[in-house]
Amino acid sequence: MKTVPFTYGRVTERDDFTNRAAEIALLKRNFAAGVNTILISPRRWGKSSLLKIAAEETVLENPDIRICHIDIFNMRSEHEFYLGLANGILNAISSKWEEFVQHTKLFLSGLIPNVTFSPDKQTGVSFGVGWEEIQRNPDEILDLAEKIASRKKIKMIVCIDEFQSLTSFKEPLLFQKKLRSHWQNHSRVTYCLYGSKRHMLLDVFSNPSMPFYKFGELIYLKKINTEEWVSFIQKRFSDTGKQINESDAGLIALLADNHSYYVQQLAQQTWFRTKRVCNKTCIVSAREEITDQLSLLFATITERFSAKQLGLLHAILSGEEQLTSQSTLHKYRLGTSANVVRVKRGLIESEIIDDTGQELSFLDPIYKYWLETYFFKLKANNQTAESNINPAKKLIADR
Ligand SMILES: Nc1ncnc2c1ncn2[C@@H]1O[C@H](COP(=O)(O)OP(=O)(O)OP(=O)(O)O)[C@@H](O)[C@H]1O
Ligand SMILES: [Mg+2]
């Protein structure tokens, strides 16, 4: 057991991972059966961690399956995508750099690639090729996984994180058509495409006029439920010689709105403050500390909002149910109901709020708390010492 029992800010290892049994089983079943899968959830709910565990278990249970992970978050062009895809696939089937070089020669013979080593030759080797060269022969890379899989009599799972990034490439529709036309002919390769921009991903995968329409099974990742978090937190405390009762562990999940990253962060800060037995004061002051650390960032985000955006956030946080009623429009100076629709769309696109059809929710529970408590001052903060609030918070709260 590690000295600090909670982890956040990186993909979780098996030991730090809780629940998601149903999702793991579903992914494993799809991987083994060759069903393409699209996984969507807001940021930091646990997509990458889930994929990692499901992939590890799949490989253990199916020795003929290789998994390749590619993150296209920072990719800005088709060229970068091709290079990332080829490198990801070659790395997935090569355990040593010599193998990587051999595979490059064998499977990408139609291109003239250069292979670059990291200085120590141990940590990394990568393949590069010019854009013009790729344009002459894109099939070499687009069909690379299938070619390798059939030659080696294996199956491959290609997992692509932040898949919506390709909508920002030049001529995204044409590119998506090209990808789909190749990938739909692959019989030994299964694709798992995932990301956090729900609206962009939905447009890619569930709009009948888009090339990736009905490409695979669409899964919306849910939050981990409170009971799971409670037993996870209680066990982590007791394994390290501390105690937290059920109600307090539940309070951590509640204050973090069951958001995976924040539950772990709040649990960790609470654990630090707990000598032997946790009490509510530890949890509340841990939340203040996290809020305080983020306040400058929150202030910067909030300063960019227009008066109407702020008005709408204010109305939502005040519990107004009829956002387009005359009294709400008037009270929060929202103008017309058409404004509300437009402003709401903008806030959803910038991932501040989410509209699940039934309700509007805030994607970041600590930001929501900061807005309510320090910006709109709708709630008293739980700490008596107002001096705890850092100057940035004060500045914005006084606006
Ligand atoms: N099943 C889990 N059990 C415990 N903690 C989890 C679990 N899944 C995620 N977490 C926590 O949430 C954090 C974020 O997880 P992860 O990076 O997998 O999310 P993500 O959805 O891929 O995020 P991003 O959108 O930023 O890529 C992890 O560092 C960990 O603290
Ligand atoms: Mg991730």
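Modeller: The account below begins with the whole chain, turns to the sheet, and ends with a pair of packed helices and one lysine.

The model is a predicted one. Its protein chain has 399 residues, of which 34% count as buried. The C-alpha trace spans about 70 × 55 × 40 Å along its principal axes. The secondary structure amounts to 18 helices and 9 strands. Two domains are assigned, domain 1 covering 20-220 and domain 2 covering 299-399. Taken over C-alpha atoms, the centres of domain 1 and domain 2 are separated by 38 Å. Of the contacts between residues at least 6 apart in sequence, 67% join residues at least 24 apart.

The sheet itself is open and consists of 5 strands in the order β2-β5-β6-β1-β7, with parallel pairing. At its edges stand β2 (65-71) and β7 (217-220); each has a single partner strand, so one side of each lacks a neighbour in the sheet. On average, neighbouring strands are turned by 15° against each other, direction ignored.

Strand β2 runs parallel to β5, to which 7 bridges join it. Within this pairing, Ile-67 has Ile-157 of β5 as its bridge partner. Strand β5 is joined in turn to β6 by 6 bridges, and these two strands also run parallel. Here Ile-157 stands opposite Thr-190 in β6. Opposite Gly-195 of β6 stands Ile-40.

Helix α2 (residues 47-61) lies across β1, β2, β5 (155-161) and β6. Relative to β2, helix α2 runs at about 160°.

Beyond the sheet, a contact between two helices may be described. Two packed helices are characterised by the angle between their axes and by the distance between those axes. Helix α13 (residues 280-303) packs against helix α17 (residues 365-375) at an angle of about 80°, and their axes are 10 Å apart. An angle of 65 to 115 degrees counts as roughly perpendicular, and α13 and α17 are therefore roughly perpendicular to each other. On the α13 side the contact involves Ile-290, Thr-291, Leu-294, Ser-295, Phe-298 and Thr-302. These meet Ile-366, Tyr-367, Tyr-369, Trp-370 and Phe-375 in α17. By class, the contact comprises 8 nonpolar, 3 polar and no charged residues.

Finally, Lys-178 belongs to helix α8 (residues 172-183). A residue counts as buried when 20 or more other C-beta atoms lie within 10 Å of its own, and as exposed when there are 12 or fewer. Lys-178 has 16 such atoms within 10 Å and is therefore partly exposed. Between Lys-178 and Thr-7 there are 40 Å in space, C-alpha to C-alpha, and the two are 171 residues apart in sequence.

Note on methods: Residues are numbered from 1 along each chain as its sequence is written. Chains are lettered from A and ligands numbered from 1 in the order in which they are written. This is a predicted model: local features need pLDDT of at least 70, side-chain atom pairs count only at pLDDT 80 or more; totals for chains, interfaces and linings use all residues. Domain bounds come from an automatic or database domain assignment. Axes are lines fitted to C-alpha atoms, for helices over the stretch in contact, and angles run from 0 to 180 degrees between N-to-C directions. Helices (H or I, at least four residues) and strands (E, at least two) are DSSP runs, numbered from the N terminus. Angles under 35 degrees count as roughly parallel, over 145 as roughly antiparallel, 65 to 115 as roughly perpendicular and the rest as oblique. Two residues are in contact if their C-beta atoms, placed from the backbone, lie within 7 Å. Ala, Val, Leu, Ile, Met, Phe, Trp, Tyr, Cys and Pro count as nonpolar, Asp, Glu, Lys and Arg as charged, and the others, Gly among them, as polar. Two strands pair if DSSP finds at least two bridges between them.
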